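Here's a quick tour for anyone opening this model for the first time. Keep the 3D view open and click along as you read.

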Amino acid sequence: MEIEQAVARHYAHGSLEETILDALAAAGKDIKHLKPKDLSPVDEFHVGGRQATTAFAEQFGLRPGMRLLDIGCGLGGAARYFAHEHGCQVSGIDLSAEYVNVANALAARVGLEERVSCEPGSALALPFEPGGFDAAYMLHVGMNIEDKARLFAEVRRVLKPAGLFGIYDVMRLAAGDLSYPVPWASGPESSFVADAASYRRLLAAAGFEVLQERDRRDFALDVFAQMRARGAGAGPAPLGLHIVMGANAGQKVKNMIADISAGLIAPTELICRVP
Ligand SMILES: C[S@@+](CC[C@H](N)C(=O)[O-])C[C@H]1O[C@@H](n2cnc3c(N)ncnc32)[C@H](O)[C@@H]1O
């Protein structure tokens, strides 16, 4: 509970919807006629944003009408992508009531409110019946969750037989202190970065079969190089994750990039299945 409170405090903003709409308008978007992709610079809170989500989604065998669960859905960018591009029905859950409210408001603005529905709650006590989802995913959420055994047991409970579970988290590659703040935590009290071997062990103990692991460090380093090239000589773009991350966004990103570049951590994908 204390961890969840610290996590919620870390992500608290206060006027996020208004800030995002102002930034969209400043970027030249007509906020009365938004499309899901207009939001992608600001609503995909993980390394590589939409590019990472697209590559991740390819591994799911998505079909229209599939029921997906987005664990730690944040502002719902990935949920809207799966709904809009693949015709899936997505339920999202997140600790932050503010994020959930913004996620639902943005879904309504782009006409996806029938296919995307987010609610506040904990990944450690999912408010869903057993066996209801075809697939579940979490994007950059496990770094905030210490009790991954319980998390994976909960995900396993709500999946159908043969259901898929995809993870895209920042994972530990080597021992060493991380620099804080990072995008997911203000300090070590709410940061639980684990190595892929621990994920695999805990997933197997929860009854999952791990199908695939993909290290995304090189992809991340490319993304950071592209960011540097775009930013050279220019001020910050009006629309970007910095408006979600708050005043010390630059320091959070800088610390994360330094620790990925140093080989301490890396974004990593795991795809597993209920046997
Ligand atoms: C870095 S953000 C990623 C958001 C989203 N998955 C995305 O990629 O845009 C991490 C999110 O996980 C949520 N989160 C962290 N711990 C959680 C928990 N125990 N239960 C539900 N959500 C949690 C946070 O509130 C935050 O919205």
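**A residue to start with: His-140**

His-140 is buried, because 20 other C-beta atoms lie within 10 Å and 20 is enough to count as buried. Keep in mind that you're looking at a predicted model. You'll find His-140 in the loop between β4 and α7 (148-158). Its phi is positive, about 60°, even though His-140 is not a glycine.

- Ala-162 sits in strand β5, and it counts as exposed because it has 10 C-beta neighbours inside 10 Å.
- Look for the cis peptide bond between Tyr-180 and Pro-181, where omega is about 0°.
- Pro-181 belongs to the loop between β5 and α8 (196-205).

**The sheet**

- Seven strands make up an open sheet, running in the order β3-β2-β1-β4-β5-β7-β6 with mixed pairing.
- Which strands stand at the edges? They are β3 (116-120) and β6 (209-215), and each has a single partner strand, so one side of each has no neighbour in the sheet.
- On average, neighbouring strands here are turned by 15° against each other, if you ignore direction.
- Helix α6 (residues 97-109) packs on the sheet and touches β2 and β3. The direction of α6 makes about 165° with that of β3.
- As background, strands in a sheet pair through backbone hydrogen bonds, in either a parallel or an antiparallel way.

**The nonpolar core**

- The largest nonpolar core holds 79 residues, and Leu-68, Ala-79, Ala-103 and Ala-136 have the most contacts inside it.
- Strand β5 (residues 159-172) is the top contributor to this core, giving seven residues.
- What does Ala-136 contact, leaving aside neighbours within four places in sequence? The list is Leu-68, Leu-69, Ile-71, Val-155, Val-158, Leu-159 and Phe-165.

**Around the ligand**

- The ligand is surrounded by 26 residues, and the closest are Phe-45, Gly-72, Gly-74, Ala-123 and Leu-139.
- α1 gives the most, with three residues.
- Sorted by class, the shell has 15 nonpolar, eight polar and three charged residues.

**Zooming in on Ala-123**

- Ala-123, one of the closest residues to the ligand, lies in the loop between β3 and β4 (133-139).
- Buried or exposed? Ala-123 is buried, because 25 other C-beta atoms lie within 10 Å.
- Not counting residues up to four places away in sequence, Ala-123 touches Ile-71, Gly-72, Ile-93, Val-141, Ile-145, Leu-151 and Glu-154.
- Ala-123 and Met-138 are 15 residues apart in sequence, and their C-alpha atoms are 9.8 Å apart in space.

**Zooming in on Asp-43**

- Asp-43 is part of helix α3 (residues 40-43).
- Asp-43 counts as buried because it has 25 C-beta neighbours inside 10 Å.
- Leaving aside neighbours within four places in sequence, its contacts are Leu-75, Gly-76, Gly-77 and Leu-106.
- Asp-43 and Leu-106 are 63 residues apart in sequence, yet 9.5 Å apart in space from C-alpha to C-alpha.

Note on methods:
Residues are numbered from 1 along each chain as its sequence is written. This is a predicted model: local features need pLDDT of at least 70, side-chain atom pairs count only at pLDDT 80 or more; totals for chains, interfaces and linings use all residues. A nonpolar core is a set of buried Ala, Val, Leu, Ile, Met, Phe, Trp, Tyr and Cys residues joined through C-beta atoms within 7 Å. A residue is buried if 20 or more other C-beta atoms lie within 10 Å of its own, exposed if 12 or fewer, and partly exposed in between; C-beta atoms are placed from the backbone. Helices (H or I, at least four residues) and strands (E, at least two) are DSSP runs, numbered from the N terminus. Two residues are in contact if their C-beta atoms, placed from the backbone, lie within 7 Å. A residue is near a molecule or strand if its C-beta atom, placed from the backbone, lies within 6 Å of it. Ala, Val, Leu, Ile, Met, Phe, Trp, Tyr, Cys and Pro count as nonpolar, Asp, Glu, Lys and Arg as charged, and the others, Gly among them, as polar. Two strands pair if DSSP finds at least two bridges between them. Axes are lines fitted to C-alpha atoms, for helices over the stretch in contact, and angles run from 0 to 180 degrees between N-to-C directions.
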